[in-house]
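Keep the coordinates open as you read.

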Amino acid sequence: MNSPAVRALALGVLLLMCVGFLLTYGIPEPAELREYVAQAGPWMPFGVAGIAVVTSVLMVPRGVPALLAGLLLPAPVAVAAALCGIALGASVSFLLGRWLGRPFLSGRTEAAGPDARLTRLQSWLDRDGTRAVVYARILPVFPFGLLNYLFGATTVKMLPFVLGTAAAIVPSTTAYVLVGASADHPGSPAFFLSVGSVALIGALGLAHAWWSRRRGRRIAPPEEPAPVLSGTHS
């Protein structure tokens, strides 16, 4: 599978298969996944992390393994297991996107020329890869799982991707773990506090997206008027 177009097609088929899986079987409930790792004993953190890897590759919302971790493990261990599993799953998806999608996108970038928007985007990702990943994770535009594959097809390096992903998902993943930890007592103050934290993080992401868009419009340079060619009189 050396052709860039064939690889890009394979990536598209893979993404469609993941979407088809979710549409066919639905998003798994943490209580259902709980049965797979509840009897793991001291290996339970590794089981939770393994489920987080698989669900991340399948583009399942990352709140699912984080909730599962909160249901099964003490909070500090749950946060560590969820973060490690989600980050590792994101890295696997990134590498699949790099192998399957990068050659095709690279050829498109070269054909577009140095002044094309795609080329400028790739240059920005080269310079500020970590910040680009953090921004993309905070702004609620693309699903988390899809972004892993898309970033793999770009010029973002592996280390900036991992660092940006880890930094961006810590607050929301911790909040989801706390929701799972208090799920057995849905009327408790801890439950309402953790649910409120998830809602607050989501609202902050929306507010940041709105502010960034408004700021971008404000600082956008005005378009220069086209030069007027004066006619010559003979």
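How many aromatic pairs does the rule give? The count comes to 3 aromatic pairs. The rule takes rings of Phe, Tyr and Trp (its six-membered ring) and pairs them if their centres lie within 6.5 Å; planes under 30 degrees apart are stacked, over 60 edge-to-face, and the rest tilted. One of the pairs joins Trp43 and Phe46, and this pair is tilted, at 5.6 Å centre to centre with 50° between the planes. This is a predicted model, where local features need pLDDT of at least 70 and side-chain atom pairs count only at pLDDT 80 or more, while totals for chains, interfaces and linings use all residues. Residues are numbered from 1 along each chain as its sequence is written, and side-chain values use heavy atoms, with hydrogens and water left out.

Are Trp43 and Phe46 buried or exposed? Trp43 has a relative accessible area of 59%, so Trp43 is exposed. Phe46 is exposed as well, at 58% relative accessibility. The cut-offs are under 20% relative accessible area for buried, over 50% for exposed, and partly exposed in between (1.4 Å probe, protein chains only).

Elsewhere, ring pairs link Phe94, Phe151 and Phe161 into a cluster. Phe144 has a charge over its face: Arg62 lies there, 5.1 Å from the ring centre. Such a placement requires NZ of Lys or CZ of Arg within 6 Å of the ring centre and within 35 degrees of the ring normal.

Now the helices. These are DSSP runs (H or I, at least four residues), numbered from the N terminus. Helix 3 (residues 44-57) packs against helix 4 (residues 63-72) at an angle of about 170°, with the axes 9 Å apart. Helix 3 is therefore roughly antiparallel to helix 4, a label for angles over 145 degrees. Axes are lines fitted to C-alpha atoms over the stretch in contact, and angles run from 0 to 180 degrees between N-to-C directions. Contact means heavy atoms within 4.5 Å.

Next, follow helix 7 (residues 129-138) and helix 9 (residues 158-181), whose axes come within 8 Å and cross at roughly 35°. Helix 7 contributes Gly129, Val133 and Arg137, among others, while helix 9 contributes residues including Phe161, Thr165 and Ala168.

Finish at Thr165, in helix 9. Thr165 counts as buried because its relative accessibility is 1%. Leaving out residues up to four places away in sequence, Thr165 touches Ala90, Val133, Arg137 and Phe144. Phe144 is the ring with Arg62 over its face.

Conventions. Helix = DSSP H or I, 4+ residues; strand = E, 2+ residues; numbered from the N terminus. Parallel < 35°, antiparallel > 145°, perpendicular 65-115°, else oblique.
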